[in-house]
Amino acid sequence: MKKIVLLFSFLLFSFPSYSRQYQATPETGVAMHGKPRYHGDFISFDYANPDAPKGGTLKMSAFGNFDTFNPYTIKGVSAAGSAMMFDTLMVESADEPFSLYGLIAQTVEMPDDRSWVAFNINPKAKFSDGSPITAEDVVFSFDILRTKGLPMFRYYYGNVDKVTAEGLRRVLFVFKPGDNRELPLILGQMPVFSKKYWQDKDFGATTLTPPLGSGPYKVAGFETGRYVVYERNEDYWAKDIPSVKGFYNFDRIRYDYYRDATVALEAFKTGAFDLRVETEAKKWVSAYQGFSDKNGLIKKEFYHSLPSGMQGFVFNTRRALFSDRKVRQALGVVFDFEWSNKNLFYGLYNRTQSYFDNSEMAAKGLPEGKELEILNAYKDRLPAEVFERPFSLEKTGGDGNIRPQLEKAFALLESAGWSVQDGVLKNKNKEPFHFEILIDSASSSAWERIILPYIRNLKRLGIDAVLRSVDSTQYKNRLDNYDYDMIVNVWGQSTSPGNEQRYFWGSASADVNGAQNYAGIKNPVVDELIEKVVEAGDREELVAAVKALDRVLLWEYYVVPHWFIPSIRLVYWDKFGMRDTPVMKGVQLMSWWIDPEKQERLQVLKEKEEKREKTHGKTLFQRLKEWF
């Protein structure tokens, strides 16, 4: 009997003992709402080719400079592509609203109420030096990101009560009371670092020594300010996992750095790099004349179902100048989008009317149904217009005549205590209305032609606005420290908004350096609406809560909205293969591959072009010699 007891004790302490309270059926995938699209036996995502050939070099461009290979801290400017060195617990699919599938975590467990989540680590998971990834590495990564990582991690992980390494390969996260259905998925997106590697290093410092990672690529070479090259890890542990199969097909990925957008464009047209996202309508229409698929260049729009997000002129409401809602509204009234679209954008854009345009979550018309129920709880704390009329932006004839808009803006400014004195707009203390619009010098050529007409319209109100262009490093530092009056910014949005909204608009993030609450919003109603988004139990609740949040943000005029298109415009040299499968979340470049036949054809075309240029040059020289 004693031997049996001893044997039982041995068995009890020889294996990890998990509390029954924290056990559930292991799953290979998890969805934000409902069930994930792919089942445990899937081979690859539909938009990836599991038989894609490996090889070749993808040449890309980047701007400015870099001084670190750690993209997860606020300090420094990280090298383009550096996140490719690090794997995450799970991988998001691009053809679902929000679902994750196993990577470092082979399976995931969680209860119906999502009050905790456990990740079971794949026994094959290892860092690029061959050392295994363990539960202790995951716990270390969580702790270091929350204490020394980007500010967003403190907000994303704020509802985690405790994290425990249960044995070698199981990690348990237990959450604080409250509904946060997204939190298991947020944790699934966490990058994992080697505890042993970082134990004698400062995670928060800049480093040009490439850190140890577990991802598909490693740094092969670099020169700050000039280039960085990554090479595919031939021994990448996850290359045959379904969520990875068909991805990371390029042997090498090279980023060359440019300081000027015009120089980069001309370099691209010579074949210096392979692909560019064309964000300027003027260049999309006119910069590639003379190029076509006949000489190997492809222009293509890739349509998607992503919310457009919000791009606009952002007011820094930390400044007293922009603390009044009426002032912010007035300055938005005189932005003449129709003139810009007609004269600068070839009529290609739609005016942004929502933080979630191009989606079912955009607040249109008057609030109704569940959205109205939500907003009614805050009726005494919201502008009356929220309930009285649909939100809409000023619309002009596009001919430059904005007299009605100027009159409306003057009325708003006067009601806020501003008046024109000797041709200058001043407040009751005789202080002039003056502010600076800050931009990154790398994109100054694109923005000057848009901002300067806006400045001229502001001048007609007696406002002295000036454009300030600074280099990329200084621009990032000033953004991180909120040292600006107005900037241009883009907040991207997902098909399933959640915890990131705290980071964008929440009061708690307004005074945290490096957060993305660039407008400095401190609005209790916005905070409560964000929590309703985070706590939404199903898709219907989520859509209603997002609409309510959207409507309040719009009526508070924190930004002057710009424009959007429901596609990604790519220009690329025709050397790539890709699956002809529509993708909800747009272009998935890491599922592309280099097609040997296309690459050979492209090389022949380039050689012909070089020969033609040489022949033309010789003929021209002979003619000049004859003339002189």
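Predicted model: local features only at pLDDT ≥ 70, side-chain atom pairs only at ≥ 80, totals over all residues.

Biologist: Is strand β5 enclosed or open?

Modeller: Strands are DSSP runs of E of at least two residues, helices runs of H or I of at least four, numbered from the N terminus. Buried means under 20% relative accessible area, exposed over 50%, partly exposed in between, with a 1.4 Å probe and protein chains only. Four of the five residues of β5 (105-109) are buried, so the strand is largely enclosed by the rest of the structure.

Biologist: Which way do β5 and β6 run relative to each other?

Modeller: Strands pair if DSSP finds at least two bridges between them. Here four bridges join β5 to β6 (residues 116-121), and the two run antiparallel. V108 has F119 in β6 as its bridge partner. Six residues separate the strands in this hairpin, and R114 in the turn has a positive phi of about 55°.

Biologist: Where is D112, and is it buried or exposed?

Modeller: D112 lies in the loop between β5 and β6. Its relative accessibility is 76%, so D112 counts as exposed.

Biologist: What about E394?

Modeller: E394 sits in the loop between α11 (385-388) and α12 (403-415). E394 is partly exposed, at 22%. E394 and V333 are 61 residues apart in sequence, but 5.9 Å apart in space, C-alpha to C-alpha.

Conventions. Residues numbered from 1 in each chain as written. Heavy atoms only, no water.
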